[in-house]
Amino acid sequence: VTATLCKKFFLFNLTIILVFIFLSSCAVLLYGKLNGFHYEMEWVEIVRHSYTDEYVRYVSFSDDGRRIAVVTSSLNQSRRAVHVYEIKTDSERLIPLGSPVHHNSFCDISLSGDGNRLAIAPRVSLAGKKIVRVFEVLEYSHNNSAWEFVGDGINAVIENEREEVNDEKYKYKVSLSYNGHRIVIVEPRSHQGDGLARVFENPPNTSEWIQLGQTLHGANRERLGTSVSISDGGGLFVVGSPDFDGFSGKVQTNQLGLSISWVKKGRFINGTKINDAFGFMTDISGDGSTLAVASRWDRFESDGHVSVYKVDKGTWRQVGDKIDVMGRLTMRTRISCSSKGSRILIGVPGLPYNSAKVHVFEYDEQNGWKQLGYINAHGDNSKLCQGAFSFSGEGNRVAMGCTISAGSFQILELKKVPEMQ
């Protein structure tokens, strides 16, 4: 009898509590309706991290936005390192994953979608007519809590080195598939500026890197490979050639065929004006359905813009109007698609008279590309935020770094924030 009474008493109290919570919620909603209380989506800073006497050069997110790779360099650029962090869900703290990977010469990184592999592209140096550079991939070992090399690396032989390499479009680029077992490597300087692209695969349970399909070559100094992006599955990748046809530019997408060779998917997408440099920056969504392409700032005509394409019966067709933003799209601009292509990030580097900004757009069938606000770089030196931007797979997290003497980066998340009208 006592047990039965206790059970009834417990259920009675639980009912009272649930009714109270329900009525309180109704009261809040009613108050909001009468007084203009509503929710809006805003970018909220969740993490900020600073370094001493180091620049922040690049940042790269994992697909879920829970891991981030950050490249830093010393003030004289003689020493560089990659730091990888895990963002703890409960406290939004940064936890280092292993020790930093030190390297004195690299110019691009790519963190795999699952956050377990890291690709490093070497920086080109002038030292003769034939130079060998090694692209390296590392994997995080949970047993050893360290980043370990996968194989001996991938060699690249560059001939007829002539030009200075400070220009962003001459640098090597890399892009990893979701699990990091496929990597696309581009060399826009190769063959006196024609450029080339190659894909390598690391078969399961091996440490070898084997070239997958043929090498793709550019022509007429079009700088093929100035930009590159590979899909999650690694069976589709896009490369940009901004110097093609009087710097009007073009992009091409390549799909792995049944004969293990790369075939074009759809036609080339060409720029429409001379000096557009269409394709100087590209990105493909994780599912391979959406393609974003940037046209560069032209001092005589425009600040640049981003065009978005989706596959329709094997052909790339533009989605909505071109996206224009406040700020010049230069070689240090970064663009990124979310995993399914519903959101586009445009990171605009800082200029002497303007702070760096990140613009995020979402597609709406009725209204086209709608901006989900923009993010200003933080700090007094935000004008020196140069090209360090990254986007999580779902498009709900953004990372941006500042290239200043005390380098730093911040991570922001799109959250519902209550506001009063």
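In strand β23, Thr290, Ala292 and Ala294 point one way and Leu291, Val293 and Ser295 the other, and all of them are buried (under 20% relative accessible area; exposed is over 50% and partly exposed in between, with a 1.4 Å probe and protein chains only). The model is predicted, with local features requiring pLDDT of at least 70 and side-chain atom pairs pLDDT 80 or more, while totals for chains, interfaces and linings use all residues. Residues are numbered from 1 along each chain as its sequence is written, and side-chain values use heavy atoms, with hydrogens and water left out.

Strand β23 spans residues 290–295, and six of its six residues are buried. Strands are DSSP E runs of at least two residues and helices H or I runs of at least four, numbered from the N terminus; two strands pair if DSSP finds at least two bridges between them. Strand β22 (residues 281–284) runs antiparallel to β23 and is joined to it by four bridges, with Asp283 opposite Ala292. Five residues separate the strands of this hairpin, in which Gly288 has a positive phi near 75°. Strand β24 (residues 305–312) is also antiparallel to β23, through six bridges, and Lys310 in β24 is the bridge partner of Thr290.

Beyond four places in sequence, the contacts of Ile109 (heavy atoms within 4.5 Å) include Tyr58, Val71, Val82, Leu118 and Val174.

Gly153 occupies the loop between β10 (146–149) and β11. Gly153 is partly exposed, at 24% relative accessible area, and touches Val134 and Phe135 when residues up to four places away in sequence are not counted. The C-alpha atoms of Gly153 and Val137 are 6.7 Å apart, although 16 residues separate the two in sequence.

Helix α1 (residues 2–35) contains Ile21, which is partly exposed with a relative accessible area of 46%.
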